[in-house]
Amino acid sequence: MKKGKVILEQERFVLTIDRLCHQLIEDYDDFSDACLIGIQLGGVLMANRIQQRLMDILGIKDILYGKLDITFYRDDFRTRTTPLKANTTEIDFLVEDKNVILVDDVLYTGRSVQAALTALQHYGRPKKVRLMTMVDRRFNRHLPIFSDYTGIRIDALDEAYVKVEWAEEGATDSILLFAEKK
Amino acid sequence: MSASQLSTKHLLGIKYITKEDIQLIFETADNFKEVINRPIKKVPSLRDVTIANLFFENSTRTRISFELAEKRLSADVVNFSASSSSVKKGETLLDTVNNILSMKVDMVVMRHPAPGAPAFLAQHIDANIINAGDGTHEHPTQALLDAFSMREQLGDLKGKNIAIFGDILHSRVALSNIFCLKKLGANVKVCGPPTLIPKYIKDLGVEVSYNVKETLQWCDVANVLRIQLERQDIKYIPSIREYTQYFGINKALVDSLNKKIIIMHPGPINRGVELSGDVADSEHSIILKQVENGVAVRMAILFLLAGKR
């Protein structure tokens with residue numbers, strides 16, 4: 001892949017994560033009836049980071065955290081040319097009557113989030129579902145979906161590719177923009 | 001290392017698929033096992049797919065398992081059983097299937113008494129074909145769910161000792177199991193009366209034993225097969241009672257081994273013949289887990305084949 005253009009990295013990236021955490025604390029206090037659910041794959045990395053940061057800031061040991069895989073809920077399964085491989089779903093608590101914060105790294109067409117909402121319904125009926133994304137590509141949406149907590153808004157052409165990289169994976173914390181997905 | 005998609009567009013037999021295919025099916029089945037343990041056990045992946053279950057031979061277990069797997073993937077299901085059909089009026093296999101396919105059916109799950117029938121079909125029609133048992137040839141989905149169940153208990157099957165007991169000669173389950181376990185690197189031994197063990201089975205890389213106790217002592221897993229009375233036109237054994245005396249697995253035998261052993265059976269069990277009731281219900285037995293895993297493994301196979309363009 002060609003080297004992408006850096007939109008945000010390192011200190012400003014960490015600052016954005018902090019701001020998102022504080023926005024969550026403003027709405028959910030000590031997270032006693034809220035939970036984070038990350039959408040595989042990128043959303044899980046982000047949800048992980050958010051959970052760790054929240055636990056640091058609040059000084060609590062445990063915030064409910066789950067991973068949701070949407071491979072079986074995708075609407076393009078039979079029309080794709082490339083194969084699909086599923087990741088794990090691990091939600092070992094009840095979402096019934098909880099405030100769910102769905103987390104994904106990039107909000108692009110909105111189809112992943114739609115699949116995630118359908119998948120989530122199969123686990124129960126949450127009290128409220130809010131969406132948190134690191135990147136909102138606001139002009140590329142195919143569905144009427146918006147994010148409640150946004151890291152940064154990026155305006156890009158349809159064929160452009162936005163990637164979020166995480167320190168946990170051995171890269172530098174950064175948001176990169178590529179002219180096309182290669 | 002698993003592939004990202006299957007190397008074949010049909011599942012006709014274990015001998016036609018690769019080790020990577022098997023690993024991919026296992027990994028996908030792990031995900032589906034999670035799905036079938038949720039409050040709502042459905043995923044919408046195959047909602048635009050129609051699947052025909054063509055069972056030209058009797059089956060309850062396999063048919064229900066496939067039907068559940070298909071429904072949990074939100075596919076539309078059409079059932080066909082030979083006893084109540086045009087086959088009795090003399091329609092050929094190809095005609096029967098082509099008629100059904102003209103109604104835009106995407107996949108066919110077939111059980112047929114003639115070995116090679118699914119392979120024959122695969123040469124003539126476009127739909128994905130899954131062999132649910134063809135005579136005394138193969139029963140690939142059973143072997144995959146058996147191996148999946150063993151892997152769940154033992155981890156990597158490489159180097160593990162697996163024994164298959166019973167009527168090996170007439171058993172498609174035995175043959176598919178042998179192919180699958182050899183591909184995964186396990187050591188396989190078959191044990192039964194000499195009349196029920198095929199002459200050249202050692203060519204497949206398996207050992208042969210006629211001693212049940214020794215074989216039980218050797219193996220980590222005992223996969224016990226049913227004595228197939230409906231396939232025996234000549235007398236291979238003097239009587240069922242004699243089979244039970246020499247080859248039946250009972251509690252005294254299992255307890256005398258003084259070691260951990262896993263007991264499996266594809267079903268239906270002839271209680272008191274190849275397996276005594278108390279062993280089938282004991283803590284060694286994973287027979288009911290096999291059934292649960294069967295749905296997950298079949299969902300994985302249907303999902304992977306449907307996604308193959």
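The points below describe a predicted model with chains A and B.

1. The sheet of chain A. Five strands make up an open sheet in chain A, ordered β3-β2-β4-β5-β6, and their pairing is parallel. Strands β3 (65–68) and β6 (149–153) of chain A are at the edges; each has a single partner strand, so one side of each has no neighbour in the sheet. On average, neighbouring strands of this sheet are turned by 25 degrees against each other, direction ignored.

2. Strand β2 of chain A. This strand covers residues 34–39 and runs parallel to β3(A), to which four bridges join it. Within this stretch, A:Ile37 stands opposite A:Gly66 of β3(A).

3. Helices on the sheet. Helix α2 of chain A (residues 42–58) lies across β2, β3, β4 (99–107) and β5 (128–136) of chain A, and runs at about 125 degrees to β4(A). Helix α3 of chain A (residues 111–121) also packs on the sheet, where it touches β2, β3, β4 and β5 of chain A. The direction of helix α3 makes about 155 degrees with that of β4(A).

4. In soluble globular proteins, nonpolar side chains tend to be buried together. The largest nonpolar core here has 139 residues, and the members touching the most other members are A:Leu36, A:Val103, B:Ala222 and B:Ala300. Helix α11 of chain B (residues 287–306) gives the most to this core, with 11 residues. Domain 1 (14–138 + 291–306) and domain 2 (140–287) of chain B both contribute residues, so the core lies between them.

5. Contacts of A:Val103. Leaving aside residues up to four places away in sequence, A:Val103 touches A:Leu36, A:Ile37, A:Gly38, A:Ile39, A:Gly43, A:Met46, A:Ala47, A:Ile50 and A:Met132.

6. Contact between the chains. Chain B gives 17 residues to the contact and chain A gives 15 residues. On the side of chain B that touches chain A, the largest share is four residues from helix α1 (residues 19–35) of chain B. By class, this side of chain B has six nonpolar, six polar and five charged residues.

7. Domains of chain B. The domain assignment gives domain 1 (14–138 + 291–306) and domain 2 (140–287) in chain B. Taken over C-alpha atoms, the centres of domain 1 and domain 2 of chain B are separated by 25 Å. The contact takes 20 residues from domain 1 of chain B and 17 residues from domain 2 of chain B. On the side of domain 1 that touches domain 2, the elements of chain B giving two or more residues are α1, β4 (128–134) and α11. That side of domain 1 has eight nonpolar, seven polar and five charged residues.

8. Cis peptide bonds. One cis peptide bond joins A:Gln40 and A:Leu41, with omega about 0 degrees; A:Leu41 is in the loop between β2 and α2 of chain A. In chain B, a cis peptide bond joins B:Gly267 and B:Pro268, with omega about -5 degrees. B:Pro268 is in the loop between β9 (262–264) and α10 (277–280) of chain B.

9. Positive phi. A:Asp29 is not a glycine, yet its phi is near 55 degrees, a positive value. A:Asp29 is in the loop between α1 (10–28) and β2 of chain A, and is exposed, with 11 other C-beta atoms within 10 Å. B:Asn258, also not a glycine, has a positive phi of about 55 degrees. B:Asn258 is in the loop between α9 (251–257) and β9 of chain B, and is exposed, with 8 other C-beta atoms within 10 Å.

Key
Residues numbered from 1 in each chain as written. Chains lettered and ligands numbered in written order. Predicted model: local features only at pLDDT ≥ 70, side-chain atom pairs only at ≥ 80, totals over all residues. Core = buried A, V, L, I, M, F, W, Y, C linked by C-beta atoms within 7 Å. Buried ≥ 20, exposed ≤ 12 C-beta atoms within 10 Å, placed from the backbone. Domains from an automatic or database assignment. Contact = placed C-beta atoms within 7 Å. Pairing = 2+ DSSP bridges. Axes fitted to C-alpha atoms, helices over the stretch in contact; angles between N-to-C directions. Nonpolar A, V, L, I, M, F, W, Y, C, P; charged D, E, K, R; others polar.
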